[in-house]
Each structure stands twice: as C-alpha cells, then as structure tokens.
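Subject: Structure for you to look at

Hello,

Here is the structure I promised to pass on. Please open it first, then read my notes beside it.

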Amino acid sequence: MSFHPISITLYIGVLLLLSFLTVHPVLLILFLLDLILITVSFNLISHLKSFMKFSLLMVLTVVVLNPLLSHSGQTVLVFGPYIPIIGRLDITLEALLYGINMGIRMFIVLLGFYIYGSVVNSDKMFSLISRFAGKSILITAMAFRMVPKMAKKLKTASEAQMARGVKFQGRGKIANVKNTLSLVKIIVVSALEDSIETAESMYIRAYGSGPRSSYFYEKFGLLDGLISINAVFSLFLSMFGLFKGWNSFSFYPELSTILKDLDQLVYFFLVFISLTLPVFYCWGYKRWRFMKLKT
Amino acid sequence: MKWFKGIGLLNDLNWPVLSWFVLIILIILFYYNYEKKGSDSKTVAVAATLSALAAVSRVPFAALPNVQPTTFIVIVSGYVFGAQLGFIVGSTAAVVSNMSLGQGPWTPWQMLAWGCAGMSAGVLKHFRPKISKAGLTFFCGLWGYIFGLIMNIWQWSAFIYPLTLKTFFATYLLGFWFDSLHALSNVLLAVFMGKDLIKILDRFQKKLKATYLPPEYIE
C-alpha cells in the first residue's frame, strides 16, 4: 500500500496540531489510541523496540520534571524542603497528573513522528519537494549518497596510513588522537577534491543551464483523498470544539471535571471516529478491490 | 470575549504551536532565500560534501550524548564559505545524519540550531576576518551552550506548565552537563584542528574561484 506524501503529512500534521491545542486528558488518550491503532495496523510494532527505549526516557523526563517545577496545585502530596529563591518544593497531585498528561502528549508527538518516518517514503517526499526547492533537495540527496562513500574512504585512508607505519593505537593517548585527527584532514581534503570532480561532471551535464525539470508521477488516489478529507474534517471539528470550550481542561489550582455535558461526550466520540476512519480505509483498501481500481 | 479565552490565545497552551510555526517559517524563509539565487554546480557540490562530512562525523559518536564534531565542522564551513552556505550545510547535516540515527520532532530544531551555528560563523567572519585560535575556540565552546538552548525550546514550551524564565532555566540546567560535554568537545576540536581546517577550506575556496583562461587572453 502506498500513499501520496501529502495525505499522510496532512493526517499526522493535524493529529499533532490537535494534541498541541488541548490538554484534555480524554482527547489526548484518544489521540494516542489512534496512533497505536495505526502502529498495529501497519505492523510497525516489531521495529518499535529501539524507539521505545529512547522515547520512554524522554517521556519520563517530562513526567518527573513537571511536579518538581510547578507548585501551584492545591492537593499537596509531599511537603518538600524550603530552598531560598525557588521557594518550597511541594509536590502536588495536580502537578503530578499534569506531568503524566504531558508525558502522554510527548509520547503522541514521538510516536507520530515515528509513524510518519516509517510510512512515508523519503524518495517520494524528496521528489515532491524538489519541485519547489530543487537545489536544497539535490544537496541533501548528494550528501546522503556521499555518506557510505566517505566511510569507505576513511577505511582506505587508515589502511594507507598504517602501511606507511602510522599507528593509531598504543602510542599514548595524545599521540593516538593526533594521528586520528590527521586522518580526518586527509578525508576532508580528498572529499573536497572529489567535489570539484562532481561539480565538473554536473557542469558537463548542463546543470544550472536552465529551469529545472521535475517529474513527480505519484497519483493522488481515492484512499489519499479520503484520508485528507478526514484530516481536514477533524481539524474543523476540533476548531468547533475550541469555540465551544470542549477542548479546555484546567489542572490548576484544582482539576476541573472531565465531562461537562453530554454534548462534549458526543464531540469526543466524533473526533475519535473521524480520526480513526482512515485506519479502516486502509484496512478496507487491502480487502476491497473496488478501492484499488479507483487509485 | 469568551471565545478569545477559549481559543487559548492568552493561554499558555498555544506557545508550542506558535514556536513550531515560527520555526517552520524561519526554515522556509532561509531555504527560499537560498533557492532564489542562481545555481552554480561548484557550490552545490561543495555544500553537499561538507554536509556529508558533518553528518558522517556524528554517527560514530552516537552513543555519547551531545559529543560530536558536527557543530565544529558546520561552524568552520560557515566561517570560510559564508553565512548562507553555513546555514545550508548545518541544516542538511541534521537531516542526513538523522536518516541513520532516527528522525523525530527534534530534526527541524536541529536544522535550525546547526543552521544558525553555520550562519553565525559566516557573520563572525565579517567582523573578524582573521580569527585567532582563542577566538575560534571560544566561539565553538559558546555554540555548545547555544545549541542546547535552542533545542530546549520545544520541550519546554510544549510540556512544562508555568512557562516562566525560572522553569526554562530549570529545564536548561537539567541538560547542562550534556551541553558542557558538547562545548568541551567543540573546544578540543577547535584547539587541535580549528586553524588547520580553516586553512584547508580557505585554500579550497581559492581553488573554486580559479578559472581557466583561454590561451588567446594570455599575452
């Protein structure tokens, strides 16, 4: 299954924007649920291990930092010591819950970017942007290609140096560092020399002689259209919720009530449905041949 | 004015959205400014090479938090090749190195932070065309801390409640040791190879400007 980069960007962008526009715990949990559904339906769980290790650390930082920094809650759990300038370091229930809430928001942001990175094909993204920013994308693509080339060059250079009798290990720490740094200079010089060659071959192939041609043939299919419509609809729905005050939730000085009225419950349900439907579209796309014909 | 409060314009809530908005606009403006100029195959090739160097140098140090020669290479390239190329090298290095280390919400902020490092070095050259070793070392060390300052903004604005200077510095202090490591590695690199690298790049820049004259022009 392949997507047009715009539809995925729109969907993830709207989801992250909405998670920044509200602190309501119910909405944040619903957003997280959506992202988890996407992760499961795209089989991304098996790759999640290294991501989890890193992101949990960031989430934990936010959870711990909030109660330590904010003391405006009313329900004091632990009376902390008095520190000059900063004041009393009381830990309050409200700040703790706020920290957990922000931890969820942090996880939403990290998971959103992770899903975006694994679903969107970077080549497609490049060729889409290259229409507007040809030079910058060309530089990025060239730099990306040079990375393995440089690693190879480093190996060759260190072997050549070793053949000449330079030792990178076992001459005392300062001598080791100096020898390694000389290697870096070699890499810099030879990479720059190569770049002149690259520039000349670009010149020969008439780079910069006229306006740049761009060929991006990715189709914006039915699935992409449905996903984009859902994203835009969720955005408008959430704006409506903002005006109605359904998105707001206050932690300080006291927690406000989770549910104000029945309308809010309906609103939560609608937001959740409109953000979850794209997952079902993708599921249907795999099963239902009619949708494939339309793309 | 109930809706005004509801939308959170005066509230703390919209600061993360605002900071992301400003960030994206800044990056787009810088790139637009670069794209507007005519393309020259030599500068494109050099920018790509320097970005690749800066990006590659980050990968072997991935296990050590914040210790990497990327900032140093970006600063030196910005110093030699000017502010605009410095920004491009810095931001491209962020994108390319994160392709192997993992993209995330930090990528655009790194693009801005490294880009600004390269750009400020280009500006520095206007005031100090022949910088001393001590000056370069100080500049590189300073950027270790400014980099942390820029990277802190998104975490602080989106996830910490009272958005005051006090909490900002508290979050900043939490990462102070990592920033110090960053600054220290920058200082060491500037001491050991700052002048050498500038010399290499300077010589190369002269070589780029050199063109062949057809024989009939030579008398």
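Start with one pair of residues. A:K185 and B:D196 form a salt bridge, and their closest N and O atoms are 2.7 Å apart. Keep in mind that this is a predicted model. Side chains of opposite charge can pair when their charged atoms come close.

How many salt bridges does the rule find across the interface of chain A and chain B? It finds two. Over all chains, the structure holds three. One of these is formed by A:K153 with A:D194, where the closest N and O atoms are 2.6 Å apart. A:K153 sits in helix α6 of chain A and A:D194 in helix α7 of chain A, so this pair ties together parts that are 41 residues apart in sequence.

Now the interface itself. Chain A brings 57 residues to the contact, and chain B brings 58. The size of an interface is often given as the accessible area lost when the parts come together. Between chain A and chain B, about 5,100 Å² is buried. Carbon and sulfur atoms give 81% of that area. There are also ten residue pairs in polar contact between chain A and chain B, counting pairs with both residues at pLDDT 80 or more.

Which helices of chain A each supply at least two residues of the side that touches chain B? They are α1 (5-21), α3 (48-69), α4 (93-119), α6 (134-163), α7 (173-204) and α8 (222-244). The most comes from α7(A), with 16 residues. By type, this side of chain A divides into 42 nonpolar, ten polar and five charged residues.

Next, chain B as a whole. Its secondary structure comes to nine helices and zero strands. Along the sequence, chain B reads α-α-α-α-α-α-α-α-α. Its C-alpha atoms fill a box of roughly 80 × 40 × 35 Å along the principal axes.

Last, look at the surface of chain B. B:W15, B:L18, B:F21, B:V22, B:I25, B:L26 and B:L29 form a nonpolar patch there. Together they have about 650 Å² of accessible area. One of them, B:L29, is found in helix α2 of chain B, which covers residues 15-36.

Best wishes

Methods: Residues are numbered from 1 along each chain as its sequence is written. Chains are lettered from A and ligands numbered from 1 in the order in which they are written. This is a predicted model: local features need pLDDT of at least 70, side-chain atom pairs count only at pLDDT 80 or more; totals for chains, interfaces and linings use all residues. Side-chain values use heavy atoms; hydrogens and water are left out. Patches are made of residues with over 30% relative accessible area and no salt bridge: like charges are joined within 9 Å, nonpolar side chains (Val, Leu, Ile, Met, Phe, Trp, Tyr) within 5 Å. Accessible areas come from the Shrake-Rupley method with a 1.4 Å probe; for residues, only the protein chains shown count as cover. A salt bridge is a side-chain nitrogen of Lys or Arg within 4 Å of a carboxyl oxygen of Asp or Glu. Helices (H or I, at least four residues) and strands (E, at least two) are DSSP runs, numbered from the N terminus. Contact means heavy atoms within 4.5 Å. Buried area is the accessible area (1.4 Å probe) that two parts lose on being put together, summed over both. A polar contact is a pair of N or O atoms within 3.5 Å; within protein, one must be able to donate a hydrogen and the other to accept it, and residues adjacent in sequence count only if both atoms are side-chain atoms. Ala, Val, Leu, Ile, Met, Phe, Trp, Tyr, Cys and Pro count as nonpolar, Asp, Glu, Lys and Arg as charged, and the others, Gly among them, as polar.
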